[in-house]
Amino acid sequence: MALSDDGKRLLTSTTALAPNFTCHVQLWDAGNGQTIGAGLTEGEYVFALCFLPGDSSRFLLGGDRFQVEVRDCTTLDPVCPPIKLNSVARSLDFSPDGTAAVVGDDGGCAIWEVSTGRMLYPRFGYLGWKE
């Protein structure tokens, strides 16, 4: 889940395993607890969410589709090409200016340019990681 910088919006991700596996991402008004819009239903797990710093109109979404997407909070549509990964996105965050994202997956983490999905800095491996 993620809370916007101004504390007015909350993003959540929930997964229903039965009867059909679905994941639902929902935007909430943090002041009154009401949902904002219909939400987004995904067929995969969503492990990580975060808002664009200083602007709760866009968010990052990452999970087990081996990609990270920047989505618009109003339409829930992707706003640029996805960041392609080699494994499941476990954690993520925007840079302070919103132009880059750091994404952690099963093999380490890397810094990506948000608008193009291009890797800016090579993968950092985890210390002590053994396969």
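**An arginine over a ring, and the chain around it**

Let's start with a side-chain detail: Arg90 sits over the face of Phe47, 5.0 Å from the centre of the ring. Keep in mind that this is a predicted model.

The structure contains one aromatic pair. Its members are Tyr45 and Phe47, with ring centres 5.5 Å apart and planes at 15°, so the pair is stacked; the cut-off for that label is planes under 30 degrees apart. So Phe47 takes part in the stacked pair with Tyr45, and Arg90 lies over its face.

Now zoom out to the fold. The protein chain has twelve strands and zero helices, which reads along the sequence as β-β-β-β-β-β-β-β-β-β-β-β. Its radius of gyration is 15 Å, close to the 14 Å that the globule rule gives for 131 residues, so the chain is as compact as a globular protein of that length. Along the principal axes, the C-alpha atoms fill a box of roughly 45 × 40 × 25 Å.

What about burial and contacts across the chain? Of the 131 residues, 38% count as buried. Take the contacts between residues at least 6 apart in sequence: 27% of them join residues at least 24 apart.

Definitions and conventions:
Residues are numbered from 1 along each chain as its sequence is written. This is a predicted model: local features need pLDDT of at least 70, side-chain atom pairs count only at pLDDT 80 or more; totals for chains, interfaces and linings use all residues. Side-chain values use heavy atoms; hydrogens and water are left out. Rings of Phe, Tyr and Trp (its six-membered ring) pair if their centres lie within 6.5 Å; planes under 30 degrees apart count as stacked, over 60 as edge-to-face and the rest as tilted. A charge sits over a ring if NZ of Lys or CZ of Arg is within 6 Å of the ring centre and within 35 degrees of the ring normal. Helices (H or I, at least four residues) and strands (E, at least two) are DSSP runs, numbered from the N terminus. The radius of gyration is taken over C-alpha atoms; the globule rule is 2.2 Å times the number of residues to the power 0.38. Buried means under 20% relative accessible area, exposed over 50%, partly exposed in between (1.4 Å probe, protein chains only). Contact means heavy atoms within 4.5 Å.
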